[in-house]
Amino acid sequence: MKFLVCISNVPDTTTKITFTPDNKAFNKAGVQFVINPWDEYALTRAIELKEAQGSGTVTVLNVGEADTEPNIRKALAIGADDAIRINAHPKDAFFVAKQIASVAKEGGYDVILMGKESIDYNGFQVHGMVGELLGIPTVAPAMKLDMSGNTATLEREIEGGKEIVEVNAPFVASCQQPMCEPRIPNMRGIMTARTKPLKVVEPTADAPRTEVDTFALPPAKQGVKLIAAENAGELIKLLRNEAKVI
Amino acid sequence: MSVLVVVECDGGEVKKSSLEVASYGSQVAQMLGTTATAIAVGEATEANLAKLGEQGIAKVLYDAEPRLKDFVNGAYTKLIATAAQKEDSKLIVLANSNIGAAVGSRLSIRLEASLATNVVALPKTDGGFSVKRGVFSGKAFADVELAGERKIIAVKKNSIEALHEEGKTAQVESFSAQLTDADFADAPKEVVMQDQAGGVLLPEADLVVSGGRGMKGPENWNLIEDLAKALGAATACSKPVSDVDWRPHHEHVGQTGITVSPNLYIACGISGAIQHLAGVNSSKVIVVINKDPEAPFFKAADYGIVGDVFDVLPKLTQAVKELN
């Protein structure tokens, strides 16, 4: 089977978020970028399924400028076979979905996996857009994915429970825990990743449909009001009479 | 042209998040000089749908097809697209839920609409059309301009106050999208609901009691559950706790778990790593109980108790019982 795994390049989860002085862009200075943590589930599960099947390929796809290549190489080191980078800034979810759909159409992939959402723009949109553009089912967010022949059985998280869904390839799934234990690269993987193919493709001419005007940080907290542990019951009174939340 | 609001129902009731979505939709409709129509999905009753008038909804469309009781992406997408065409809607509002995101993203392609998810405030319509949405996993906000004639907005839970105009009713109309078997191709084989402590669903909860590694082990979770039960709150946990399987992963709140925005979040024995704060910092009031006065969570808290959770939690539970 041919797996296509879409990854985004995002600030490390410990990043303190700041913006440029005009609040128009994220301030990248000094920030470490990583593979989006949700995408790591998609990548590792694709590799596991390929290994279980004993044949097939895992292709990694990223929409990004040249500075994302270290993380693409990392995905290759984890076990993907080859990679495609669409040479463009990922302007919005629609733009990214169009790029993925264009690659997917050309490559004839059976299974398209990605993370539930990216931890930077938190769109949770690309999976459905790609499925609709290709006219194939999307299962989102998926907590479990097993394949038997051409048929996939997935667990889809719903508020307060889960659905068991069966779909035939080709399909799109957006992944989250506890799908698998994300792998980290080993030394052999890092060595072989250097020579694995990484193809750079120019983007399609699609325009984004959304644009960020300005960014803002949430207002700072006023400071904590401490209650002595001996008087813990006092807290409950404050929550009712002062904060009025219970 | 009306604003179309997607209302999720479960067991006959309209979900709380959908009451907020309906209120959002009717307020935008008023800004745009039109009315709001709802399309109901899931298991609903006519009486409860009519009550959407209290949230400012003029009309509710309802397709009684029994297979629409459970979420089916293909069928829901077609149902809502058909309703949008019938109503000539240029704006669709839905919940930023697992259903809303799955359907909204497909609809945006089918209807050639721009889409904003995780939206926390009413739009600004002076000049263009922009909405404020949460980004960087709760660490920041962005004002986003939506292009094009058609737009879809997915509203984050607990960010809009639901309207309650007592006594107003909406007109409920039966509606058929002429769905066929092919539209149900991705129907679930099975739906499994979790046992919820106290019966409160975490994503919909107004009050949340959450535990971290400071709880020392799953055998101590009765302390969290007792307080949650007394308050009518949902229970949650930090990532390390779900990583070691003390609690199921669907309770994991944080950057790579669920983001919650309840009225009250009580963190017990959680130090407050930046990834955990990202999942909770849009809560209205945060209470932190930790024996370490240097725990970073205190900086993000409104109220705090420096003390041993094993000593403090039973006192809190007792105080809630006395208050009630």
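Reader: Which residues of helix 2 of chain A are buried?

Author: In this predicted model, local features need pLDDT of at least 70 and side-chain atom pairs count only at pLDDT 80 or more, whereas totals for chains, interfaces and linings use all residues. Residues are numbered from 1 along each chain as its sequence is written, while chains are lettered from A and ligands numbered from 1 in the order in which they are written. Helix 2 (residues 69-78) of chain A is mostly covered, with seven of its 10 residues buried; helices (H or I, at least four residues) and strands (E, at least two) are DSSP runs numbered from the N terminus, and a residue is buried if 20 or more other C-beta atoms lie within 10 Å of its own, exposed if 12 or fewer, and partly exposed in between, with C-beta atoms placed from the backbone. The buried residues are Asn71(A), Ile72(A), Lys74(A), Ala75(A), Leu76(A), Ala77(A) and Ile78(A).

Reader: Which residue is the bridge partner of Val5(A) in strand 6 of chain A?

Author: Four of the five residues of strand 1 (residues 2-6) of chain A are buried, so this strand is largely enclosed by the rest of the structure. Strand 1 of chain A pairs in the parallel sense with strand 4 (residues 57-63) of chain A over five bridges, two strands being paired if DSSP finds at least two bridges between them, and Leu4(A) has Thr59(A) as its bridge partner there. Strand 1 of chain A also runs parallel to strand 6 of chain A, to which four bridges join it. In that strand, the bridge partner of Val5(A) is Leu113(A).

Reader: Which are the edge strands of the open sheet of 10 strands?

Author: The sheet has mixed pairing and the order 11(A)-5(A)-4(A)-1(A)-6(A)-10(A)-7(A)-8(A)-9(A)-10(B). Two of these strands pair on one side only, namely strand 11 (198-201) of chain A and strand 10 (190-193) of chain B.

Reader: What angle does the direction of helix 4 of chain B make with that of strand 7 of chain A?

Author: From one strand of the sheet to the next, the twist averages 30°; axes here are lines fitted to C-alpha atoms, for helices over the stretch in contact, and angles run from 0 to 180 degrees between N-to-C directions. Helix 4 (residues 98-110) of chain B packs on the sheet, touching strand 7 (138-148) and strand 8 (151-158) of chain A. The direction of this helix and that of strand 7 of chain A make an angle of about 90°.

Reader: Which residue of chain B stands opposite Leu226(A)?

Author: The contact between the chains takes 75 residues from chain B and 61 residues from chain A. Within it, two bridges join strand 13 (residues 225-226) of chain A to strand 15 (residues 303-306) of chain B, and these strands run parallel. Lys225(A) stands opposite Tyr303(B) in strand 15 of chain B. In that strand, the residue opposite Leu226(A) is Gly304(B).

Reader: What share of the residues in chain B is buried?

Author: Chain B has eight helices and 15 strands. The radius of gyration of chain B, taken over C-alpha atoms, is 21 Å, close to the 20 Å that the globule rule gives for 324 residues, so this chain is as compact as a globular protein of that length; the rule is 2.2 Å times the number of residues to the power 0.38. Along its principal axes the C-alpha trace of chain B spans about 60 × 45 × 40 Å. Of the 324 residues in chain B, the buried share is 60%.

Notes:
Contact = placed C-beta atoms within 7 Å.
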